[in-house]
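Work through the exercises below with the sequence and the 3D view open. Try each task before reading its solution.

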Amino acid sequence: MVFDVQKETLPRDELETLQLKRLNYLLHKIYHNVPFYHQKFKELGIEPDRLQAISDIKHLPFTEKQDLRNNYPFGMFAVPRESVVRIHASSGTTGKATVVGYTQRDVEIWAGLMARSFEAAGATRADIVHNAYGYGLFTGGLGAHYGAEALGATILPVSGGATKRQVMLMRDFGSTILCCTPSYSLHLYETALAAGISISDLKLRVGIFGAEPWTEEMRQDIQNKFGIKALDIYGLSEIMGPGVAMECIAAQEGLHIWEDHFLPEIIDPESEEPLALGEKGELVITTLTKEAQPLLRYRTRDITRLNPIPCRCGRTHYRIERITGRSDDMLIIRGVNVFPSQIESILLETEGLSPHYQLVIDREGGMDTLEVRVEVHESMFSDEIKHLQRLEKKIQNHIKEFLGVTAKVTMVEPMGIARSEGKAQRIIDHRKQ
Ligand code: DLL
């Protein structure tokens, strides 16, 4: 079965006509149904007049995570609470949870878009999908679950945890597709090895990995370890959950953002001005079909660029480049901007290191300090101390050379860094405590 092939290959002009129509409907709807937007439009003296062109959206206000928090829990709903059939929430480390509501039609569209995403990954109803994204208020588990069902594939709702059992189930059931965070896939791999389960006994062929940033080097590492194609999936609770954008298996180069449902913009996070097509900046998304909680120009804080080059898979929806990080994850170390993904690339290019690392930031005597803690392979750890010291020095030099910051590099014994079942916690910033 092919999902929405007609929508996925719409010529650009038809796609943009559809977007404009949906956008105008959305403006009308939020103006009349969401007091937050009504007030915002009034303050700015904007009437939800019919926009003539999509680019006119630049005159409309943004929505920020804080706006959702201020309207906690149900203040952003555009429908009566009785019409909401499901609620998810993202915990966030500080403050109140961010709540997201869905109508029956919203959950159906979501399942359809996740099915579309699975299909872009080459999945069919013949696949067995091992779903290790967490089930619960987090959108990963249920999002992937209903998408796989809508496709007609066989879904295993394993959720996170009990990692050894997961590997056994994967082997015994012959799972062909693995869904989890990239960091958890590595944990599954190590657990399989430790349990004496050979990777060649698994039938996996594709991994659908997302919910956290990961680099091309990490992708290569995962692909080599499992002998699979590792594909990137993007999404965020506020907008829907997983399945906002998905990499296709044909090109494996950037993620198609499903533009018939989401209108993407790239802005300069500082000036808040739109950037030219292809420039790198912050992704801003407007939901075009959400009923329960439509959002106008939502500031994702995720950094990427839009790629308008036609994809070899035939889909016309633009691709976003892999997310290199969030603007609020960017570390400023003694005035130098550093993304954790840049450090990940350097570490994974170095022989003898494992892909498990943590960045510890502190302040000593008014100066920021950065410590890069990274695990080494067993063979290296049993090596002479001077070899380890040489390796630490080498990485330190690379970081200085490529990123311009001085970091202390510490080699950690194998399994010395805690494994996560969901999103990996790679940054420990003591300055924020
Ligand atoms: O992480 C939804 C999701 C579940 C996506 C499963 C993919 C797979 P939140 O918990 O709200 O939702 O976190 C959203 O995670 O703004 C990004 O910063 C980050 N993120 C999600 N996918 C990717 C990705 C889910 N593929 C936040 N690459 C987003 C990099 C990602 N970062």
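**Exercise 1.** With which side chain does the side chain of Asp 328 make a polar contact?

*Solution.* Two notes on the model come first. This is a predicted model, in which local features need pLDDT of at least 70 and side-chain atom pairs count only at pLDDT 80 or more, while totals for chains, interfaces and linings use all residues. Residues are numbered from 1 along each chain as its sequence is written, and side-chain values use heavy atoms, with hydrogens and water left out.

Step 1: find Asp 328 in the loop between strand S15 (325-326) and strand S16 (331-333). Helices (H or I, at least four residues) and strands (E, at least two) are DSSP runs, numbered from the N terminus.

Step 2: look for a polar contact, a pair of N or O atoms within 3.5 Å; within protein, one must be able to donate a hydrogen and the other to accept it, and residues adjacent in sequence count only if both atoms are side-chain atoms. The partner is the side chain of Arg 326, at 3.0 Å.

Step 3: classify Asp 328. Buried means under 20% relative accessible area, exposed over 50%, and partly exposed in between (1.4 Å probe, protein chains only). Asp 328 has 43% relative accessibility, so this residue counts as partly exposed.

**Exercise 2.** Is Thr 287 buried or exposed? State what Thr 287 touches.

*Solution.* Step 1: Thr 287 belongs to strand S11 (residues 281-287).

Step 1: its relative accessibility is 0%, so Thr 287 counts as buried.

Step 2: list the contacts, where contact means heavy atoms within 4.5 Å. Leaving out residues up to four places away in sequence, Thr 287 touches Leu 26, Ile 239, His 261, Phe 262, Pro 294 and Leu 295. The side chain of Thr 287 also reaches the backbone nitrogen of Leu 295 at 3.0 Å.

**Exercise 3.** Why is helix H8 described as largely enclosed by the rest of the structure?

*Solution.* Step 1: H8 (residues 182-194) has 13 residues and reaches 19 Å from its first C-alpha to its last.

Step 1: 10 of the 13 residues of H8 are buried, so the helix is largely enclosed. Among them are Tyr 184, Leu 186, His 187 and Tyr 189.

Step 2: the buried residues of H8 pack against helix H7 (163-173), strand S5 (177-180), strand S6 (206-210), helix H9 (216-226) and strand S18 (353-364).

**Exercise 4.** How many cavities of 30 Å³ or more does a search of the whole structure find?

*Solution.* On a 1 Å grid over the protein atoms alone, a cavity is a set of points where a 1.4 Å probe fits but cannot get out, and lining residues have an atom within 4 Å of a point. Grid points are joined across faces, edges and corners, and a volume is the space filled by probe spheres set on the points.

Step 1: the search finds three such cavities. The largest cavity holds about 50 Å³ of space.

Step 2: read the lining, which consists of Asp 106, Ile 109, Leu 113, Met 240, His 261, Phe 262, Thr 289 and Lys 290. Helix H5 (residues 104-120) gives the largest share, three residues.

How values were computed:
Expected span 1.5 Å × (residues − 1). 1 Å grid on protein atoms, 1.4 Å probe; cavity = no way out; pocket = protein on both sides within 12 Å on 5 of 7 lines; lining within 4 Å.
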